[in-house]
Amino acid sequence: MPVRLSASPDRLLPADAAVRRIAAELHAAVADAPIVSPHGHVDARLLLDDRPFADPSDLLVTPDHYVLRLLHAHGVPLDALGRGATAADPREVWRAFAAHWHMFAGTPVRVWLEDTLQNVIGLQRHPSAANADDQFDAISAWIAEPASHPRRLFERFRIDVLATTDDPADDLAAHRALAGDATWHGRVIPTFRPDRYLDPSAPGWRAALDDLTAASGTDCGTHAGLVAALEARRAFFRAAGATSTDTGVVEAWAVRADTAELERIHAAARAGDVTASDAAAYRAHMLWELARMSSEDGLVMQLHPGVLRNHHTPTLQRFGPDTGHDLPLPTSYSVPLRELLRDFGTDPGFRLVLFTVDETSFSREIAPLAGFYPSVFAGAPWWFLDSPDGIRRYREAVTDSAGFYKTSGFIDDTRAFLSIPARHDVARRMDAGWLATLVATGRLPEAEAHVIAADLVGALPRQVFRLGD
Amino acid sequence: MPVRLSASPDRLLPADAAVRRIAAELHAAVADAPIVSPHGHVDARLLLDDRPFADPSDLLVTPDHYVLRLLHAHGVPLDALGRGATAADPREVWRAFAAHWHMFAGTPVRVWLEDTLQNVIGLQRHPSAANADDQFDAISAWIAEPASHPRRLFERFRIDVLATTDDPADDLAAHRALAGDATWHGRVIPTFRPDRYLDPSAPGWRAALDDLTAASGTDCGTHAGLVAALEARRAFFRAAGATSTDTGVVEAWAVRADTAELERIHAAARAGDVTASDAAAYRAHMLWELARMSSEDGLVMQLHPGVLRNHHTPTLQRFGPDTGHDLPLPTSYSVPLRELLRDFGTDPGFRLVLFTVDETSFSREIAPLAGFYPSVFAGAPWWFLDSPDGIRRYREAVTDSAGFYKTSGFIDDTRAFLSIPARHDVARRMDAGWLATLVATGRLPEAEAHVIAADLVGALPRQVFRLGD
Amino acid sequence: MPVRLSASPDRLLPADAAVRRIAAELHAAVADAPIVSPHGHVDARLLLDDRPFADPSDLLVTPDHYVLRLLHAHGVPLDALGRGATAADPREVWRAFAAHWHMFAGTPVRVWLEDTLQNVIGLQRHPSAANADDQFDAISAWIAEPASHPRRLFERFRIDVLATTDDPADDLAAHRALAGDATWHGRVIPTFRPDRYLDPSAPGWRAALDDLTAASGTDCGTHAGLVAALEARRAFFRAAGATSTDTGVVEAWAVRADTAELERIHAAARAGDVTASDAAAYRAHMLWELARMSSEDGLVMQLHPGVLRNHHTPTLQRFGPDTGHDLPLPTSYSVPLRELLRDFGTDPGFRLVLFTVDETSFSREIAPLAGFYPSVFAGAPWWFLDSPDGIRRYREAVTDSAGFYKTSGFIDDTRAFLSIPARHDVARRMDAGWLATLVATGRLPEAEAHVIAADLVGALPRQVFRLGD
């Protein structure tokens, strides 16, 4: 087994030499462009506190469900990866990870990790059981360097704007403190994610209402109160720099319901007694309501449907959520979103970015919707699809109906701060490859491809997410 | 931005030099073959009247929902594109189109338009805001030339046969006049499209029955009358040269119903009182009935399921149908068509060409059905899928189970007369590329690939659509 | 038309010269590796009896539904292919097949047949109407040679282990006789396939219970008896060398039911009076029960859902099953299998290999499930998908979430003994091409690709199917 990491400058570019030459030039022109990250899961406190990362495993393994899931699939228990009730020895966690390195061959996780280990941390070799201790020590030493602290990395990564994901009841203290910190010049903005408040049959719904009542000062004991509180918090988020919201739902149904009916369901659910069909009607209305709010306050609406969360109940009970068993479902958009788009689809104030983990919907629904409705954009390939091949298939599937300028630009969606440049670089390389293929097959002038490549990493995501110039 | 149009002779062929060499030879051998167009939406009157086209926007923008939809998606109102109640200035329409030219980058619309502008009209530059007026004038001048009149273009395009799409109540006057015109030597044939008569819950159904009663002289007040009238009109269409029918439905269910039941539903619907489930049963029976008629009179049955028409009701109400918001749905074939295929699937008189806008059905259902039933052929990629990449994915998906000889040959399905040669050329290039890939990877002898390439543009569509030799 | 067969040594490898060079080396290193065939439909008696094959048509045409279906699709009646009530002249069958050779262009059947005709039988030319009689005679002569007898071919093919597919009531006499035959050194193992016992609404269910009662000595008159009998037969199969089971179902629902309820349904079904919903509940429970058994006895559970058998009832009635009209259905896994995986998904004794004929499920469900559950492996592309392009799409779709080491290795699933080496070679070539693409695009070190290529044909299927070292 070769052990030396060797990130070719042409990695991920098309294999054909002539196409690769075009792609390499396209990529080179945007390789160092600032990173626009309008959707992700990094904690703003990381940058406020600017403390060194804890240890190599906490940095690269334990919190990253992309990494955990495949280790778990190969029989490594989640306890041994630091997710159990009792803490795991970080060195042991790293050893388990390193011993399974070859299990990641061919996966996007491997691409991101190789880039991170080599180009961010400066390691020379592939992880292995043999070098696990040495690499653990080397990464630990790297962590301790001042240049490895979060704020220095934020600069080094050339992050122009970083959006976090936040609960409406969050006080955004970290965001506000950062804004008031004269030593900090980066842009970190919150994203309004009201998922906890949408489903009256969810176990935590009533507690969530209490949190929101406290945060907003508006009584969420009624549906009207909940709506008013959400509106108030949106205003609060906007004042803190938010430009978008995000919503994860199982199905994309958005259907307006009668007010009295909503109050009846709200009251019943508060009393702990809501039927499945009532809960579904309530959820569908809330999605419509969120679109209505977006059309009024201009926050861009991101929609992530089609994920069955926590598929393996015993693992959820023992290790909690985000432990690698959220799973994609067949997902549909055109019929479920018809009423929402009837009411807001051509409203200039409204903007809707559609994501999917069911890639059949790219050519069948998402691109056709984005290719007609001014408000709709085809979101970047997400989660199970944010791989080199997933990105290529996405471009092949959506360009026909939506072109480039009704797509969202890349979204890293990551909790792994160190992986941000690697993830954006993968997208830039794959987009360069796709554009180069269009050039090489006479479908696009090369100069126009350069304009598009630049727009995809800058002007387009800024415009789609209303981030300003 | 480069402005010079430059249609490479190798455009759309595979990027690899060795494969491209093979593909270029395959394409060259069929590039000038006559066009067989067994399915489209050109009006026969265009060729009967042989008048110059109205203006550049009417020629290339306003009637083409492929073009309209992406302009609309970028915020251009349909009024500004000539679809409003009051006429738009054609020059302003062209300016709006030209200013959004880069929005089409990477789309099939762009491929067709570049080919048309350069190779049919003779422009040298990409449209842009800067050259909009010059190009509008240039195209206007081109329109005025005698060589640009429809009949001369029909010859120049080497159209061997052109099928139109016609309502059963149509008197086919244009077709008959063309047939009787001693100065006209082309072949333009009608296609029987009975969609208006299938759904007793559709708003226009009762009026349609009145039209058909008038056209056929058979009273459509009963279900039996409707069936008899349709049969009579099929005979009339056949006498006028028709070789096929076409049917667009939301779902492909085809289930025979009881005669008394059908009469009951028919009567109720005539009285304006039909339930959703009765209407569904009636529609499913009508699809079965159309197959029965095809098995008897030999008209090839084309089936286009899975499109949700007029998704955005406000746009429908204001601008009418065919304004860019028909959308694909997940679509299934094997179960819905089981009864129809039980009864007619192995009948030598019956022929069924299956189309889809849900490309997952190609490898899962359409190719497997075509790979068993003698009557079934896999229709060419349609609508949202009739792009270079869509055609490539189609061949990859259907060849495994259906080979080449259970596919339909290319269908342009266009209202845009000028785009016909561009669309057929795209198909010929992509098929040449696919065949060349098979040759280059040792899956097909090169000489056999040449036979197939020629059959795909000539013998095969002639045979599938019963067009004669 | 060219007539000389010419199997390029580089066939099926990527067209790009640089990638092909890498792929050719990867393929060369595994081209002669022994064949591990953990799933197929060859009869053990073929090797026990070791008689010459009957004739060319019986060898290559009549029993192979892959071949039959496309001939039937081109209008050749099944009678003329030897599947009718009266025997067909094998020479006439071959003539019909040879005359339609070009209909197979581009299909996997053609790839397998070319390899078989040239490299196993030693023909030089493509079949055609002109050479049908000569080739029939040549193949007949080849059949008669001692080197063409099944056991000699088994050795020549380097088959290391061959799994058959067997009914639980089968006495496995051929397997036991082979094991006791001192002149035989191959490994042929049975696979437990209990499909006949799972659906109480199936016409043959009651007769099947009688067979199983006789075979097991346990009364299957009750549900508990059926479960006990199946357990006993699993032990019998394991003793005869079985390491896995196989189950074909229409839908993958696996839900535990109440014992009393099961007995009620069992009794009702024995009396010929079972409702559709009761039958569905019984089937779902049986799938859960089979997983429970697998978790206890360690037999690997193979699951093949999503096929609608015998779509064309008139053909079934006249020619029986396996006549080419089994058809894929849209298929889902994550929700239907949730309870089964809740109970056994992380059980170290349990192993589940998931197959599909709906390729949309690869990236959406199968790979994500295999990427979390230690018990789940992504089965090789099956049936309508076991083609060169199907294999490539499979690797592209599953590697992101499952890597290489949560896939099953290749499964030939064939009844056509002569096609075994061709089918495995296709998989080895396509996997070499995919690995080479990863190498050429900087995603995988070349040395690691060699390790993976070797594991895919040896260590991996051995481990997944518990075949020993």
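The contact between chain B and chain C takes 42 residues from chain B and 52 residues from chain C, where contact means heavy atoms within 4.5 Å. This is a predicted model, in which local features need pLDDT of at least 70, side-chain atom pairs count only at pLDDT 80 or more, and totals for chains, interfaces and linings use all residues. Residues are numbered from 1 along each chain as its sequence is written, chains are lettered from A and ligands numbered from 1 in the order in which they are written, and side-chain values use heavy atoms, with hydrogens and water left out.

**Interfaces**

Buried area is the accessible area (1.4 Å probe) that two parts lose on being put together, summed over both. The contact between chain C and chain A takes 42 residues from chain C and 52 residues from chain A. The areas for the two pairs are given below.

| Chain pair | Buried area | Share on carbon and sulfur atoms |
|---|---|---|
| Chain B and chain C | about 3700 Å² | 58% |
| Chain C and chain A | about 3700 Å² | 58% |

Of the area that chain C buries against chain A, 21% is supplied by C:Arg364, C:Phe372 and C:Arg443, more than by any other three residues.

**Relation of the copies**

Two copies of a chain are related by a rotation about an axis and a shift along it. Chain B is superposed on chain C by a rotation of 120° with 0.0 Å of shift along its axis, at an RMSD of 0.0 Å. The two copies are thus related as by a three-fold rotation axis. Such superpositions are made by least squares on the C-alpha atoms of residues with pLDDT of at least 70 in both copies. In chain B, the residue that comes closest to the rotation axis is B:Asp16, at 3.6 Å (C-alpha). A rotation of 120° with 0.0 Å of shift also superposes chain C on chain A, with RMSD 0.0 Å. For chain C, C:Asp16 has the C-alpha nearest the axis, 3.6 Å from it. Only 5% of the interface residues of chain C are also interface residues in chain A, so the copies meet through different surfaces.

**A residue between chains**

C:Glu359 is in the loop between β8 (352-354) and α16 (360-370) of chain C; helices (H or I, at least four residues) and strands (E, at least two) are DSSP runs, numbered from the N terminus. Its side chain makes a polar contact of 2.6 Å with the side chain of B:Ser363, and another, of 2.7 Å, with that of C:Arg393. A polar contact is a pair of N or O atoms within 3.5 Å; within protein, one must be able to donate a hydrogen and the other to accept it, and residues adjacent in sequence count only if both atoms are side-chain atoms. Leaving out residues up to four places away in sequence, C:Glu359 touches B:Ser363, C:Leu385 and C:Arg393.

**Within chain C**

C:Pro14 belongs to the segment before α1 (17-30) of chain C. Its C-alpha is separated by 9.1 Å from that of C:Ala432, 418 residues apart along the chain. Setting aside neighbours within four places in sequence, C:Pro14 is in contact with C:Val19, C:Arg20, C:Ala23, C:Gly433 and C:Thr437.
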